[in-house]
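Subject: A structure for you to look at

Hi,

Have a look at it first, then read on.

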Amino acid sequence: MRDPITTAQRSFASPQLVTSNPSVTVALNSGPLPFVSHNFPPSSTMATTAAAAAELVLMKPSNPVTKLRRSTPKLAALGPPWSRFRVMASSQPGAATATATPKKKKAGKSEINETLLTPRFYTTDFDEMEQLFNTEINRNLNQTEFEALLNEFKTDYNQTHFVRNPEFKEAADKMQGPLRKIFVEFLERSCTAEFSGFLLYKELGRRLKVGSSFHIDTTSHSSYLSKTNPVVAEIFSLMSRDEARHAGFLNKGLSDFNLALDLGFLTKARKYTFFKPKFIFYATYLSEKIGYWRYITIYRHLKANPEFQVYPIFKYFENWCQDENRHGDFFSALLKAQPQFLNDWKAKLWSRFFCLSVNVLSICLHDHHKTAMTTNLFLKQWQTNRTTARIFPAVLDVENPEFKRKLDRMVEISQKLTAVGESQEVAVVKNLKRIPLIAALVSEIVAAYLMPPVESGSVDFADFEPQIVY
């Protein structure tokens with residue numbers, strides 16, 4: 001049985017980042033999405049997910065601290081454009097920059113930067129998802145593989161892994177200067193991403209478990225209702241357990257800096273990005289495998305160089321990365337269960353697109369701005385591409401020197417865009433300077449996408465003996 005994990009000063013009522021220090025400012029702003037987004041009508045389904053979010057994100061195997069107030073937010077009110085929080089921490093422990101309007105004026109918060117790389121909340125076509133994994137409609141589903149994966153998730157290897165100790169608060173108090181600000185942003189982004197996964201997986205587990213479909217038996221000319229796929233549904237539910245545990249652990253880390261994300265408010269206030277099921281599979285498979293390689297690379301680097309161990313959360317990454325790996329393996333099985341997502345020319349184009357946007361651009365344009373946090377990490381991300389080649393029909397030729405040169409130019413342009421944004425010039429001048437830089441960046445991205453790819457494919461579809469890379 002799991003005990004509730006708690007985080008300091010978390011509220012589910014107000015649109016603000018909760019702090020225990022009155023000098024801390026929290027920012028909320030809205031901005032346009034680069035992807036297609038939808039506001040969804042009220043539904044009991046999404047309200048159920050929101051209520052579960054407020055509860056399950058607080059779960060952890062041991063060491064409860066406080067009891068929290070819980071509400072039952074509804075996902076129906078997605079009103080304002082999609083937004084996120086940014087934590088602004090000062091160089092001094094326990095202090096941060098403060099520029100907030102009175103609490104009653106909820107619209108007047110300090111601004112944040114909305115970017116392509118901002119963590120998002122996702123939704124999908126749940127009816128199509130039910131059809132894809134209905135055991136009555138798709139009798140060729142490899143249930144044996146899914147059952148084996150389910151046993152792995154039920155074992156819950158990390159049930160007692162995420163237990164904190166006094167080192168966390170001590171390390172946070174010692175962290176000062178730009179590193180403190182960067183690290184708080186790292187915790188905030190990571191927590192939001194994990195919580196996003198929790199919401200999606202929880203709803204998929206619920207829908208696939210209780211959902212039913214109308215099936216017509218042409219042989220006996222009879223019809224009946226059948227459950228979708230309880231095995232796949234339970235795996236999604238167990239993955240939501242993992243994501244909730246991760247999000248709670250990260251949010252508790254923010255409390256060491258006298259901050260905490262209001263996850264309940266995020267659940268009901270954000271606009272959800274709609275992806276079709278196959279795009280959910282592509283993007284989530286990549287993000288889980290990226291998470292695995294990032295975590296294990298950071299862990300190994302800091303184990304070999306303990307002088308850079310600025311916060312003890314990295315010591316947990318060796319076991320943590322195995323959760324990410326199991327999630328990625330599950331999405332690999334989902335893709336193999338739907339070969340139509342992998343075996344045509346459109347699948348190759350989409351595979352290259354997601355490899356470029358999810359894998360390379362996030363590493364290239366985000367991590368390179370955080371060099372203090374990502375030492376020796378960039379080159380290790382090529383392992384993700386090699387792992388992806390085991391299932392995607394085509395991947396980027398990341399080992400091509402020209403591809404690397406294009407990434408270097410993207411980084412250079414991105415840094416110039418950041419410098420323009422941080423300058424003190426008037427908005428009109430900034431926008432004029434951005435135009436040629438954005439054009440150059442788009443040109444490099446398109447050129448990278450159009451480079452000849454590496455033909456690859458799933459181990460189940462390949463005509464050759466693949467080399468497994470771990």
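Which residues does Leu334 touch, not counting residues up to four places away in sequence? The contacts are Phe133, Phe146, Val232, Phe236 and Phe281. Please keep in mind that this is a predicted model.

Leu334 sits in helix α9. Its relative accessibility is 0%, so Leu334 counts as buried. Leu334 also lies 9.2 Å from Leu141, C-alpha to C-alpha, although 193 residues separate the two in sequence.

Now for the chain as a whole. It has 470 residues, of which 53% count as buried, and it contains 13 helices and 11 strands. Among contacts between residues at least 6 apart in sequence, 86% join residues at least 24 apart.

Next, the helix pairs. Two packed helices are described by the angle between their axes and the distance between the axes.

Let me begin with α6 and α9. Their axes come within 11 Å and cross at roughly 150°. The two helices are therefore roughly antiparallel to each other, since angles over 145 degrees count that way. The crossing of α6 and α9 is left-handed. On the α6 side, the contact is made by Val232, Ile235, Phe236, Met239, Asp242, Glu243, His246, Phe249 and Leu250. From α9 come Trp320, Asp323, Glu324, His327, Phe330, Phe331 and Leu334. By class, these residues divide into 10 nonpolar, two polar and four charged.

The α3 residues in the contact are Gln143, Phe146, Glu147, Leu149, Leu150, Phe153 and Lys154. They meet Val231, Val232, Glu234, Ile235, Leu238, Met239, Arg241 and Asp242 of α6. Sorted by class, the contact has nine nonpolar, one polar and five charged residues.

The contact of α8 with α9 has 14 nonpolar, seven polar and five charged residues.

What about helix α4 (residues 167-174), and which of its residues are buried? They are Phe168, Ala171 and Ala172. Looking down the axis of α4, these buried residues fall within an arc of 100°, so they line one face of the helix.

Finally, two loop residues for you to check in the backbone. Asp156 lies in the loop between α3 and α4, and its phi is near 50°, a positive value in a residue other than glycine. Asp156 counts as buried because its relative accessibility is 10%, and the cut-off is under 20%. Asn258, in the loop between α6 and β8, has a positive phi as well, near 65°, and is likewise not a glycine. With a relative accessible area of 14%, Asn258 is buried.

Best wishes

Definitions and conventions: Residues are numbered from 1 along each chain as its sequence is written. This is a predicted model: local features need pLDDT of at least 70, side-chain atom pairs count only at pLDDT 80 or more; totals for chains, interfaces and linings use all residues. Side-chain values use heavy atoms; hydrogens and water are left out. Buried means under 20% relative accessible area, exposed over 50%, partly exposed in between (1.4 Å probe, protein chains only). Helices (H or I, at least four residues) and strands (E, at least two) are DSSP runs, numbered from the N terminus. The arc is that of the directions from the helix axis to the C-beta atoms. Ala, Val, Leu, Ile, Met, Phe, Trp, Tyr, Cys and Pro count as nonpolar, Asp, Glu, Lys and Arg as charged, and the others, Gly among them, as polar. Contact means heavy atoms within 4.5 Å. Axes are lines fitted to C-alpha atoms, for helices over the stretch in contact, and angles run from 0 to 180 degrees between N-to-C directions. Angles under 35 degrees count as roughly parallel, over 145 as roughly antiparallel, 65 to 115 as roughly perpendicular and the rest as oblique. A crossing is left-handed if the near helix is turned anticlockwise from the far one by less than a right angle, and right-handed if clockwise.
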